[in-house]
Amino acid sequence: MDSSTRAIAANGFHKRRSWFLLLASAARITLVLVWGWAGCSKIRSPEASVEAVRVYRVLPESLLAPVGYGLPALELALAALLLLGLRIRLTAALSAGLLVAFIAGITQAWIRGLSIDCGCFGGGGEVGAAETQYVKEIVRDLLFLCASTWLVHRPTSRYALDNRVG
């Protein structure tokens, strides 16, 4: 391979790498905003967060408060770690796991005929049957799951502490 062929190949590699870095950065920013918004909206009203967990009718009463109070803290921690770019792969895997749990929760509520607001960004609780938005909520969470999955497989992004600490 001559030098011009190597230069062209290297240029293509750098363009793909730049594209991957851009996608990883966009995924990180998206998830920072999502988890930050979700955590902030729930932490302001912890009782509403507990009620949002209760209406899914999945957990025993003894776990409602720990999950309802703990969920906003977990979401804010995910947002902070992704914002800093610290332990991106692990944080993205936790994000993906939480999103799978949310998708499963919304799906089971829909299948069981419950009429609830998911409570994903605060609020939550029982609503009228015409007010449910299960398809929209599941599709939205699937898109966020794609962003999380991307970061699990390609965690390197610009402006991440992971780049400085190894």
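**Salt bridges.** The rule I used is a side-chain nitrogen of Lys or Arg within 4 Å of a carboxyl oxygen of Asp or Glu. I noted that this is a predicted model, where local features need pLDDT of at least 70 and side-chain atom pairs count only at pLDDT 80 or more, while totals for chains, interfaces and linings use all residues. I also noted that residues are numbered from 1 along each chain as its sequence is written, and that side-chain values use heavy atoms, with hydrogens and water left out.

**Around Arg 54.** I found a salt bridge between Glu 51 and Arg 54, at 2.9 Å from N to O. Both sit in helix 2 (residues 46-54), 3 residues apart, so about one helical turn separates them. My helices are DSSP runs (H or I, at least four residues), numbered from the N terminus. A reminder to myself: an α-helix has 3.6 residues a turn, so residues three or four places apart point the same way.

Arg 54 also forms a salt bridge with Glu 61, with the closest N and O atoms 2.7 Å apart. Next I checked accessibility, where buried means under 20% relative accessible area, exposed over 50%, and partly exposed in between (1.4 Å probe, protein chains only). Glu 51 is partly exposed at 32%, and Arg 54 is partly exposed at 32% too. Glu 61 is exposed, at 55%.

Arg 140 is buried at 19%, and Asp 141 is buried at 3%. Other buried residues of helix 5 include Tyr 134, Phe 144 and Leu 151.

**Aromatic rings.** I counted 3 aromatic pairs. One of them is Trp 35 with Phe 102, a tilted pair with 6.2 Å centre to centre and 55° between the planes. Rings of Phe, Tyr and Trp (its six-membered ring) pair if their centres lie within 6.5 Å; planes under 30 degrees apart are stacked, over 60 edge-to-face, and the rest tilted. Which helices does this pair link? Trp 35 lies in helix 1 (residues 3-43) and Phe 102 in helix 4 (residues 88-111), 67 residues apart in the chain. Trp 35 is buried at 2%, and Phe 102 is buried at 18%.

Definitions and conventions:
Helices (H or I, at least four residues) and strands (E, at least two) are DSSP runs, numbered from the N terminus.
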